[in-house]
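Here's a quick briefing to keep beside the structure.

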Amino acid sequence: MLIASLKPRTMGGTTNTGLLAYALARAGHQVTCYDADESLQLAAWARDVDDFPGTVHEADTPAFAETVYPAMDHNRVNLVDAGHAENHPDIVDSVLEVADLVIVTVSPTNPDYDRLVKPERGTPIAKLIRRSAALRDSGKAPTTVILLNRCQAGANSPKEFADLLTNGGKDGTLPRWDVLTTRIPRREQIASAVGFPCDKPGRKAPYDALVTELTRLGHVPAPGGPR
Ligand SMILES: Nc1ncnc2c1ncn2[C@@H]1O[C@H](COP(=O)(O)OP(=O)(O)O)[C@@H](O)[C@H]1O
Ligand SMILES: [Mg+2]
């Protein structure tokens with residue numbers, strides 16, 4: 001299967017992609033990553049540490065669906081870190097053409113919410129996802145979930161933004177999203193994760209919970225099962 005990690009702009013996308021790769025491997029999955037962000041930070045992370053799970057292939061191309069996807073081992077969990085959708089809609093379009101599951105990283109703050117639902121420039125991610133249906137074999141947009149990250153412990157904002165996202169904004173006119181109950185905390189050990197080994201408990205537990213939720217929802221198969 002192919003999981004796409006998306007975000008409108010800098011949101012913690014690469015952090016989430018990498019730490020999710022580690023968590024999938026801990027859960028027993030065979031994982032291969034693809035870096036579809038021109039900054040190639042996920043690829044650099046895998047190069048810089050000894051414990052990164054599997055290979056990271058450089059794949060920052062708008063021909064992702066035609067040139068990268070067909071060469072994948074579809075018996076593994078493939079995970080692609082896409083760049084800023086605002087800046088690279090061509091690459092994101094191509095990733096959306098073939099992804100089985102899309103995880104959109106968003107922080108529960110006004111600017112990040114606005115960048116997701118009504119960006120000043122560029123195409124909203126919801127529209128990119130919706131229009132991908134026309135190019136997909138199924139004719140349907142991929143299953144998409146929102147992962148709230150940088151959530152302050154004890155703050156109301158994660159629930160407030162989860163409600164806004166679930167209900168289509170205050171007046172219900174915006175797209176409605178499925179928001180995961182797993183929330184990635186705002187935490188120094190996660191802030192400093194990119195480029196370093198995943199050797200701290202604070203880098204593991206939230207992502208183990210994420211894999212558990214994705215598996216429970218049927219979005220990710222049980223390890224060893226069909227993909
Ligand atoms: N859970 C978190 N808590 C605190 N800071 C975080 C967290 N996740 C990411 N960050 C910080 O957010 C910034 C962007 O992260 P990064 O993963 O590079 O985002 P993106 O790939 O979306 O550009 C970095 O400075 C990183 O340290
Ligand atoms: Mg990144």
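Predicted model: local features only at pLDDT ≥ 70, side-chain atom pairs only at ≥ 80, totals over all residues.

Residues are numbered from 1 along each chain as its sequence is written, chains are lettered from A and ligands numbered from 1 in the order written, and side-chain values use heavy atoms, with hydrogens and water left out.

**Around ligand 1**

- Ligand 1 has 16 residues around it, and Lys 7, Gly 13, Thr 15, Pro 185 and Ala 191 come nearest (near means a heavy atom within 4 Å).
- By class, this shell has five nonpolar, six polar and five charged residues (Ala, Val, Leu, Ile, Met, Phe, Trp, Tyr, Cys and Pro count as nonpolar, Asp, Glu, Lys and Arg as charged, and the others, Gly among them, as polar).
- Helix 1 (13-26), strand 7 (178-185) and helix 8 (188-191) each supply at least two shell residues, with helix 1 giving the most at three (helices are DSSP runs of H or I with at least four residues, strands are E runs of at least two, numbered from the N terminus).
- On the polar side (N or O atoms within 3.5 Å), an oxygen atom of ligand 1 sits 2.9 Å from a polar backbone atom of Gly 12.
- Gly 13 places a backbone N or O atom 2.8 Å from an oxygen atom of ligand 1, and Arg 187 places one 3.0 Å from a nitrogen atom of ligand 1.
- On its own, ligand 1 has 560 Å² of accessible area, and the protein covers 80% of that (Shrake-Rupley method, 1.4 Å probe).

**The cavity**

- There's one cavity of 30 Å³ or more (on a 1 Å grid, points where a 1.4 Å probe fits but cannot get out).
- The largest cavity has a volume of about 40 Å³, taken as the space filled by probe spheres set on the points.
- Its lining (residues with an atom within 4 Å of a point) includes Ser 5, Asn 16, Leu 79 and Leu 210.
- Five of the lining residues are nonpolar, four are polar and none is charged.
- Helix 1 gives the most to this lining, with three residues.

**An aromatic pair**

- The count comes to five aromatic pairs (Phe, Tyr or Trp ring centres within 6.5 Å, using the six-membered ring of Trp).
- Tyr 22 and Phe 52 have ring centres 5.2 Å apart and planes at 65°, so they pair edge-to-face (over 60 degrees; under 30 is stacked, the rest tilted).
- Tyr 22 is in helix 1 and Phe 52 in the loop between helix 2 (41-48) and strand 3 (56-58), so the pair ties together parts 30 residues apart in sequence.

**Ser 138**

- Ser 138 lies in the loop between helix 6 (125-132) and strand 6 (143-151).
- The side chain of Ser 138 reaches the backbone nitrogen of Lys 140 at 3.0 Å.

How values were computed: Polar contact = N/O pair within 3.5 Å; in protein donor to acceptor, adjacent residues only side chain to side chain. 1 Å grid on protein atoms, 1.4 Å probe; cavity = no way out; pocket = protein on both sides within 12 Å on 5 of 7 lines; lining within 4 Å.
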